[in-house]
Amino acid sequence: MGAKLMPSYAWSALSVAVVVIFWQMASTWLVDPMFLPAPLAVLNGAGQMLAEGTLTQSILVSMMRILSGWFLGSAIAIPIGLAVGVSPVARHLVDPFIHFFRFVPAIALVTLFIIWFGVGEMSKIILIAYATAFIVMVNTASGVSSISQDKLNAARCLGANERQVFFKVMIPASLPSIYVGMRLALASSFLVIAAAEMLAADAGLGYIIWTSRLYFQVDWMFAAIIALGLLGFATDRLWRLLGRTLLKRYLRGVTGY
Amino acid sequence: MPAVVFDKVGMAYPGQKAGSELILADLSVAVAQGEFFVLVGPSGSGKSTLLKIVAGTEKQTEGRVLANGETIAGPDRRRGMVFQSIEEPLFQWLTVAENIGFGPSVAGKPRAECLEMAQRYVDLVGLRGHEQKFPHELSGGMKQRVQIARTLAAQPELILFDEPFAALDALTRRVLQKELTRIWRETGCTMVYVTHDIREAVLLGQRVAVMSRGPRANITRIYDIDLPYPRDDLDSRFADAVKAIEGDIEREAASQWEQN
Ligand SMILES: Nc1ncnc2c1ncn2[C@@H]1O[C@H](COP(=O)(O)OP(=O)(O)OP(=O)(O)O)[C@@H](O)[C@H]1O
Ligand SMILES: [Mg+2]
């Protein structure tokens, strides 16, 4: 490549701008704006909801649910994943459940969880914890079991006992897999929250998307969809930033993209 | 008392098919305190297996293995190991100094003392100036220096080497071979060194043991290399020793062909 034409983020800004312009043109000339509201109309709708306070409130509510469920799910999954990776007995005990529930999508459990845990926050947080847990568990376990025997034996031959091998070698060596697992789980959390809030909620971005249909406010719908995407984008970037700064020495090689 | 004694040792891995033949069979040998003992032999004969038994990461199925007169119960910092793999054994999230200080740190020494000890071994293996680097910032030769320094910092009495320089280029290998001789003489550690390179074996070892092809591998012959250190590979006695061992290994390989 020759000299840089412009900074790398400028390319991204350019491509976003081009898409928005096409969108504006499409809704002006090609599609009925009832179905595809123009970017400006969406911005306007977002402004309305901001003024009423519904958008901010929904964002906060959805984010609370996502983050609580995500942390809860990870907090449960990481120890189990570590145990499964370390101990063949734990592995044989837990394996059937992991590989069964891994294929039961959280969305299939929305109604069941509402019956069990009510329409309140609990059912949504548990749902997201569920969606998170199996992804994080599988990643953690596979991270632990892929640590090379040479690395573990090196620690043992340097005098580490099994407890030290676990805390000083296994955990740091599996952090990249845990980190990547949590990043993947974050994306599924967004997927699940949208579905859960459509079925039973009185607030949240999924709720806005679902109810705007009643008033035929497609611009609100778009505003909520875009908010969801932006929030996901921002959380993912924050997670990556954490990986590139505080946890940098552990995560070299997995924070590239 | 010898540093290591193998007494009629037989070995089969737990994962092996039942009824399949032993990898090592009826193997007896003793390594003296402070000796530089080199093991050569065909691929797959069980050289790494022998080292793992001494390290305590594998257990023999027959016979006795003693280190300093005691049965080997498991890995121990008194028996260090330098691995062939360049990437895997190092802790990639620790700096050079922290990697080298790992042994003292798991022994419960305070951090300042660990780093002080690390510095001593950093200097010994010629890594001064690289203390704060991470393994991925080092060349292959430097990584093996870290492994050696890290092993030394745990204060072992004996160090096992499994083809530590096999993956390095010829020039780096030569430099490290020279330094290893120096380190051995400075520390007085017993060294058990596995290699495929007969020149290297004669350059380093006081005794060079030749293993037969497996299964049921054994040590067929032990050569005393009675040459002063540092050794000169242009010396005619050096060349004679290399030739003798090479001939031995070729005969071993040929006998295998005839059997098949
Ligand atoms: N974990 C294991 N389980 C079962 N068999 C093994 C295991 N490790 C090694 N073996 C077998 O034991 C034999 C000896 O292997 P070993 O690695 O000790 O040979 P080696 O002499 O070090 O060979 P090389 O020179 O190629 O490194 C081989 O036949 C190998 O297949
Ligand atoms: Mg080997």
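Which polar backbone atom lies 2.9 Å from an oxygen atom of ligand 1? The answer comes in point 3, after a word on the model.

1. **Ground rules.** This is a predicted model, where local features need pLDDT of at least 70, side-chain atom pairs count only at pLDDT 80 or more, and totals for chains, interfaces and linings use all residues. Residues are numbered from 1 along each chain as its sequence is written, chains are lettered from A and ligands numbered from 1 in the order in which they are written, and side-chain values use heavy atoms, with hydrogens and water left out.

2. **Chain A overall.** You'll find eleven helices and zero strands here (both are DSSP runs numbered from the N terminus: helices are H or I with at least four residues, strands are E with at least two). The C-alpha trace spans about 70 × 60 × 30 Å along its principal axes. Of the 257 residues in chain A, 45% are buried (buried is under 20% relative accessible area, exposed is over 50%, and partly exposed is in between, using a 1.4 Å probe and protein chains only). Contacts, meaning heavy atoms within 4.5 Å, are worth a look too: among those in chain A with a separation of 6 or more, 69% link residues 24 or more positions apart.

3. **Ligand 1.** Back to the opening: the polar backbone atom belongs to Gly46(B), 2.9 Å from a ligand oxygen. An oxygen atom of ligand 1 is also 2.7 Å from a side-chain N or O atom of Lys47(B), and one is 3.4 Å from a side-chain N or O atom of Glu163(B). (A polar contact is a pair of N or O atoms within 3.5 Å; within protein, one must be able to donate a hydrogen and the other to accept it, and residues adjacent in sequence count only if both atoms are side-chain atoms.) The protein covers 62% of the 640 Å² of accessible area that ligand 1 has on its own (areas come from the Shrake-Rupley method with a 1.4 Å probe; for residues, only the protein chains shown count as cover).

4. **Helix 7 of chain A.** How many of the nine residues in helix 7 (149-157) are buried? Seven are, including Lys151(A), Leu152(A) and Arg156(A). Their cover includes helix 8 (162-199) of chain A, plus helix 1 (47-55), strand 6 (79-82), helix 3 (102-106) and helix 5 (140-153) of chain B. At the start of helix 7, a side-chain oxygen of Ser148(A) reaches to within 3.1 Å of the backbone nitrogen of Asp150(A). After the helix comes Gly159(A), with a positive phi near 105°.

5. Ser58(A) sits in helix 3 (residues 54-86) of chain A and is buried, at 2% relative accessible area. Beyond its neighbours within four places in sequence, Ser58(A) touches Gly204(A), Leu205(A) and Ile208(A). Lys248(A), in helix 11 (residues 248-251), is partly exposed at 48%.

6. Most residues other than glycine have a negative phi, and most peptide bonds are trans. Asp26(B), in strand 2 (residues 24-31), has a positive phi near 55°. Arg216(B) has a positive phi of about 55° as well, and lies in the loop between strand 9 (207-211) and strand 10. Tyr229(B) and Pro230(B) are joined by a cis peptide bond, with omega about -10°; Pro230(B) is in the loop between strand 10 (219-224) and helix 8 (236-259) of chain B.
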